[in-house]
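Hi there,

Here is the structure I promised to pass on to you.

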Amino acid sequence: MTTKKHEPLYIYTYGYRLEETELCQLEMRTFFGTHSESGLLGSDIAIHPDRSPFMRERLEVLYEGECLEEIWEQVKQIELKDETFKVIFIKMNDLTPDNKIEFDEQRSIERDIGIYIEGEADVRQPDHVFGILTWGGRWYFGSYLKSKAVWLTHMQKPRSYSIALSTRVARAVANIAVPDPATVKAIDPCCGIGTVLVEALSMGIDIVGRDINHFVVQGTRENLVHFDLHTEVVCGDISEVTSHYDVAVVDMPYNHFSHTTPEAQLSLLQHTRRIADKAVIVTVGAIDELIASAGFTIQDRCTTRKGNFIRQIIVCT
């Protein structure tokens, strides 16, 4: 018998568009130190699935086994007394088409496991939601948590402009900059309309904003008020910043309102180096040499596309 109850393990399921693949994998590496190409990732690190725009579900593994019968035996240990439960078959797996588990069989597996749990089943408003998943030739059972995709509501901003980062990209960038918000102070010194600020603040990240355009700053503040989010947003140049931060998110100016020169870009990067230990730089141009000249070392990177824009997201220390 190889079944066992082990130290906490989390299995995450992912969904993303083709053009988001690299960005999703960079976010994975930031959270977990590794990435997966299968849509499933296992780790001993706990991340709430609401954090990521790409995470669908999280299973906190309680039991595992080589077959369902081994799971049945183990779930007999669960005693819920007067509390209710529901079992969900997680559809993401690595089964071949010939071995695919169809809908009726999925429901049967859920019912069979429920028979062995001491408690009352409730498919509508259960006190506990459990998940069952097959992956790598083994079965995993545990506490199930589904992403509420809270970032979707942030797509309806009062103020926006066409080349701003999409909400999904902005949320991923915020996670790449600050995977663990505890004790981290962040700044977005070119915050634009506040897309990154909204996502970061909604995840409990301590971040302030700044932009040189007065009208843009007013729009940023309006967006924050709309979502009942609060932080300092200043109209001013990065050269005026005197505080120090753990990380800066810098979306390099590149539209037709910002005819920046290499000298201006270098100055922006040098000031970023001055005020922050780490930077996540978003750019549409090749600026590796400028990054090095500013004193940064590139640690990781990816590209992502929005329409005709191919953006680079570069992690620097």
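Predicted model: local features only at pLDDT ≥ 70, side-chain atom pairs only at ≥ 80, totals over all residues.

Arginine 210 counts as buried, at 11% relative accessibility (buried means under 20% relative accessible area, exposed over 50%, and partly exposed in between, with a 1.4 Å probe and protein chains only). Its side chain meets that of glutamate 240 in a salt bridge, 3.4 Å from N to O. By salt bridge I mean a side-chain nitrogen of Lys or Arg within 4 Å of a carboxyl oxygen of Asp or Glu. This pair links distant parts of the chain: arginine 210 sits in strand 9 (residues 206-211), while glutamate 240 is in the loop between strand 10 (233-235) and strand 11, 30 residues apart. Helices (H or I, at least four residues) and strands (E, at least two) are DSSP runs, numbered from the N terminus.

Residues are numbered from 1 along each chain as its sequence is written, and side-chain values use heavy atoms, with hydrogens and water left out.

How many salt bridges does the structure hold? There are eleven. Another one joins glutamate 199 to arginine 171, with the closest N and O atoms 2.7 Å apart. Here too the pair links distant parts of the chain, with glutamate 199 in helix 5 (residues 195-202) and arginine 171 in helix 4, 28 residues apart. Are these two residues buried or exposed? Both glutamate 199 and arginine 171 are buried.

Glutamate 73 and lysine 76 also meet through their side chains in a salt bridge, at 3.1 Å from N to O. Glutamate 73 counts as partly exposed because its relative accessibility is 47%, and lysine 76 is partly exposed with a relative accessible area of 42%.

**The whole chain**

Now step back a bit. The chain has eight helices and 14 strands. Its C-alpha atoms fill a box of roughly 65 × 35 × 35 Å, taken along the principal axes. Of the 317 residues in the chain, 50% are buried.

Isoleucine 71 belongs to helix 2 (residues 68-75) and counts as buried, at 0% relative accessibility. Its C-alpha atom is separated by 36 Å from that of isoleucine 176, which is 105 residues away along the chain. Alanine 164, in the loop between strand 7 and helix 4, is also buried, with 10% relative accessibility. From alanine 164 to phenylalanine 141 it is 23 residues in sequence and 41 Å in space, C-alpha to C-alpha.

**Strand 11 and its neighbours**

Why is strand 11 (residues 245-251) largely enclosed by the rest of the structure? Because six of its seven residues are buried. Strand 11 pairs in the parallel sense with strand 8 (residues 185-188), over two bridges; strands pair if DSSP finds at least two bridges between them. In that pairing, alanine 186 stands opposite valine 247 of strand 11. Strand 12 (residues 276-283) also runs parallel to strand 11, and six bridges join them. Look for valine 249, whose bridge partner in strand 12 is valine 280.

Most residues other than glycine have a negative phi. Lysine 81 is not a glycine, yet its phi is positive, near 55°. You'll find lysine 81 in strand 4 (residues 79-89), and it is exposed, with a relative accessible area of 68%. Alanine 149 is not a glycine either, and has a positive phi of about 50°. Alanine 149 lies in the loop between strand 7 (138-146) and helix 4 (167-177). With a relative accessible area of 18%, alanine 149 is buried.

**One more spot**

Glutamate 120 is in strand 5 (residues 118-121) and is exposed, with a relative accessible area of 54%.

Happy exploring!
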